[in-house]
Amino acid sequence: MMRAASLCCLFLGLAAAKLETKRSPRTKLAPRAAAKRGGGASSLWADYQSALDTKPLLTKACTSLVGFGLSDAMTQILIEKIDFNAMRLVKMASFGFLIHGTTGHYFYQFLDSVMSGATPLFVAAKVAIDQTLWAPVFMVMFFSYMMIFEGTPELIVDKIKQDVFTAVKGSWMTWIPAHTINFAFVPPSQRLLYINSIQIFFNMFMSVIGNKKTE
């Protein structure tokens, strides 16, 4: 299931990134992309690596767009089983593209720049920083975006007070073990792909809580 989610994020994120790349002047292929590629998944992976080399921010933003959009569609169809709300999907997917992909790119780049390597001490420190500092900030951004998109910015504070602790607690349960693996074993350039693969399922929780009516 996790492998399928990774491939789905990779394929659709790459497709979105390529659409933008076609509009830009051709650039010299990075060494990894210039190498002879095989077919199937290996070719797809080589294309994704090439996109990360040439347009890292756009590629990660597109990957997050796919991850958030796919998780919301799955939530609506498989969990809530409601009449499909396309605007809600746009809300979640646009958050992935505009906020999650971009902030994640710079935040994890910063963490890796100040604590390079995967020693046990660095891994523990990165997980602690991510979940004690970044997770609450991220949840505030998430709920604020949800309310602004819906045209109810006056409800931002109430929404945060109502749901932020539940969201952060869910983040701790999911991301402390997930990020231990992330910071110990995943190459920095592929962190957001790994995160989005898990995020597809975590975002089903986020989709429910993010779209819950503010009391």
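Hi everyone! Before we start, the model is predicted, so local features need pLDDT of at least 70 and side-chain atom pairs count only at pLDDT 80 or more, while totals for chains, interfaces and linings use all residues. Residues are numbered from 1 along each chain as its sequence is written, and side-chain values use heavy atoms, with hydrogens and water left out.

Let's begin with the overall picture. The chain has 8 helices and 0 strands; both are DSSP runs numbered from the N terminus, helices being H or I with at least four residues and strands E with at least two. Of its 215 residues, 46% are buried, and buried means under 20% relative accessible area, with exposed over 50% and partly exposed in between, using a 1.4 Å probe and protein chains only.

Now look at helix H4, residues 56–80. How far apart are its end C-alpha atoms? They are 34 Å apart, which agrees with the 36 Å that its 25 residues should span at 1.5 Å a residue. That expected span is 1.5 Å times one less than the number of residues. H4 also bends by about 25° at Met-74, where the bend is the angle between axes fitted to the seven residues ending there and the seven starting there. Just after H4, Lys-81 has a positive phi of about 50°.

Next, find Ser-171 in helix H7, residues 156–185. Is Ser-171 buried or exposed? Ser-171 is buried, because its relative accessible area is 3%. Beyond neighbours within four places in sequence, Ser-171 is in contact (heavy atoms within 4.5 Å) with Gln-131, Ala-135, Met-139, Ile-176 and Phe-202.

Finally, the spaces. On a 1 Å grid over the protein atoms alone, a cavity is a set of points where a 1.4 Å probe fits but cannot get out, and a pocket is an open set with protein on both sides within 12 Å along at least five of seven lines; lining residues have an atom within 4 Å of a point. A volume is the space filled by probe spheres set on the points, which are joined across faces, edges and corners.

The largest cavity holds about 160 Å³. Of its 16 lining residues, His-100, Tyr-108, Trp-134, Phe-138 and Gln-199 are the closest to its centre. H6 gives the most to this lining, with 6 residues.

The second largest pocket has 14 lining residues, and H5 supplies the largest share, 5 residues.
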